[in-house]
Amino acid sequence: MTEKLLIRQLKARDAKAFEYLYRNYSESLQGVIFSVIRDKEVTKEVLQDVFLKIWNSIESHDSGKGRLFTWMLRIARNTSIDVLRSKDFGNQKKNLSDNFFVDILETNDRIDAKIDAQRMKTYVDKLKDKCQQLIDLLYFKGFTQKEASETLDIPVGTVKTRNRSCLSKLRELIPESYGR
Amino acid sequence: MDVKAYIASGILELYVAGTLTELENREVYEAMQEHAEIREEVERIEQAVRQLTASVSPTNTSAYEDRIKQTVLGEDSMDETPVVPFPPQKRNWLAYSGWAAALVLGAGLFYLQQENQDLKSDIQTTEIENSYLEQQIEQANKSLDASRALVEILRDKNIGTTNLAGQTAAPEAYAKVYWNQEAQTVYIDAQGLPEPPPGKVYQVWSLKLNPLTPTSLGLLDDFAGDENKIFALTNANASEAFGITLEPAGGSESPTLEQLYTLGVVKS
């Protein structure tokens, strides 16, 4: 299904479109939520909240301003950060920047039709550290280009080109068959 | 547009990351509409990011797909899900009926309170009316007593009646004198006299006729204020006639004959 059609059906409150959305994006959104929350049960609750927000505010989505996926990632990230700040996680509370996705990937033993965490780990391991860091900042933590350049102490223009080469490398590493 | 160079610039990866400006986003979106190659590249980048982020997902989301679907879709597709949760509505109904009952009770209490107040004020009014009536009865009784006493006096066998006729000064005037010689008391019925002008007072005289000798019996004080216009005066004289004159306030030593209102001779 093309994104255009998916958005049109979601705006028409089509249950089948929601099902499609859930099946194609729930693991990704949950991954981002978990990378912030680091608690399996709370992550499930937040995922439901995120889908509720997506469903209820789909009218406000503007394709001209970005991808549906990008929009949903932002909702997942912001909702998670709100929950993390409002809930008392006690000793589990960690600095956001400590939650490096590669560390989380390492402890994930999921193997099923959709996810093979350790296989993905072998692909990610082949990326250079600076690639892993940049991907973590831009896609998991939602840093801006400028924030990423300041954090990694590299020029803003380098963020763009380096990110291109890092993601291209990852795409080469992930086989067509993965997760299909 | 150099599509390959555009793709190689890395702008599409940042587009998926969501870090571009609004203007850049618009630009990429338009480029995607124009060039299928760019759109496909964006979709592939998106797929890689989706696979990567999904790889840290700790549990299979299929396990709670139904629950989340029901929660999300249940919000606005009640007719599609036959099991509609009624408890909230029931609670609402209970709450509404509770409020309604409270309102009715409140209105009832208010009504009763008003009624009570009305009754209290009715009682008060009645009490005032009662005391007023009591006063009237008392006054009537008093006046009845006075009338009875008066009748008693006038019926006394020792009493003599003398009619005083109007004179030149007041031809329409008249008066009656009831004289109890034994009690040495005269009762002047002054009903037939006009009200004296201000600064003036009626004076009653006992007269001896031969020679004409007037003796003052007293003044008809507070003429206007006296209801039955009957005045009691002491009379120890062997009166042959009675006269009433209008005198200056306080009375006079001897009658002012020009102001003789009534005069009558005692029947022997």
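Here is a short tour of a predicted model, with stops in chain B and then chain A.

Start by selecting chain B on its own. You'll find six helices and eight strands there. Walk along the sequence and the pattern reads α-α-α-α-α-α-β-β-β-β-β-β-β-β. Colour by burial next: of the 268 residues in chain B, 23% are buried.

Now pick out the strands of chain B. Eight of them make an open, antiparallel sheet, ordered β5-β4-β7-β8-β1-β2-β3-β6. Go to the edges, where β5 (212-219) and β6 (230-234) of chain B sit; each has a single partner strand, so one side of each lacks a neighbour in the sheet. Look along the sheet and you can follow a twist that averages 25° from one strand to the next.

Stay in the sheet and zoom in on β7 (residues 241-248) and β8 (residues 260-265) of chain B. These two run antiparallel and are joined by five bridges. For one pair to click on, take B:T245, whose bridge partner in β8(B) is B:L260.

Last stop: switch to chain A and select helix α7 (residues 129-140) with helix α9 (residues 156-173). Their axes come within 10 Å and cross at roughly 105°, which makes α7(A) roughly perpendicular to α9(A). Show side chains at the crossing: A:C131, A:L134, A:I135 and A:L138 from α7(A) meet A:V159, A:R162, A:N163, A:C166 and A:K169 from α9(A). By class, that contact has six nonpolar, one polar and two charged residues.

How values were computed:
Residues are numbered from 1 along each chain as its sequence is written. Chains are lettered from A and ligands numbered from 1 in the order in which they are written. This is a predicted model: local features need pLDDT of at least 70, side-chain atom pairs count only at pLDDT 80 or more; totals for chains, interfaces and linings use all residues. Axes are lines fitted to C-alpha atoms, for helices over the stretch in contact, and angles run from 0 to 180 degrees between N-to-C directions. Helices (H or I, at least four residues) and strands (E, at least two) are DSSP runs, numbered from the N terminus. Angles under 35 degrees count as roughly parallel, over 145 as roughly antiparallel, 65 to 115 as roughly perpendicular and the rest as oblique. Two residues are in contact if their C-beta atoms, placed from the backbone, lie within 7 Å. Ala, Val, Leu, Ile, Met, Phe, Trp, Tyr, Cys and Pro count as nonpolar, Asp, Glu, Lys and Arg as charged, and the others, Gly among them, as polar. A residue is buried if 20 or more other C-beta atoms lie within 10 Å of its own, exposed if 12 or fewer, and partly exposed in between; C-beta atoms are placed from the backbone. Two strands pair if DSSP finds at least two bridges between them.
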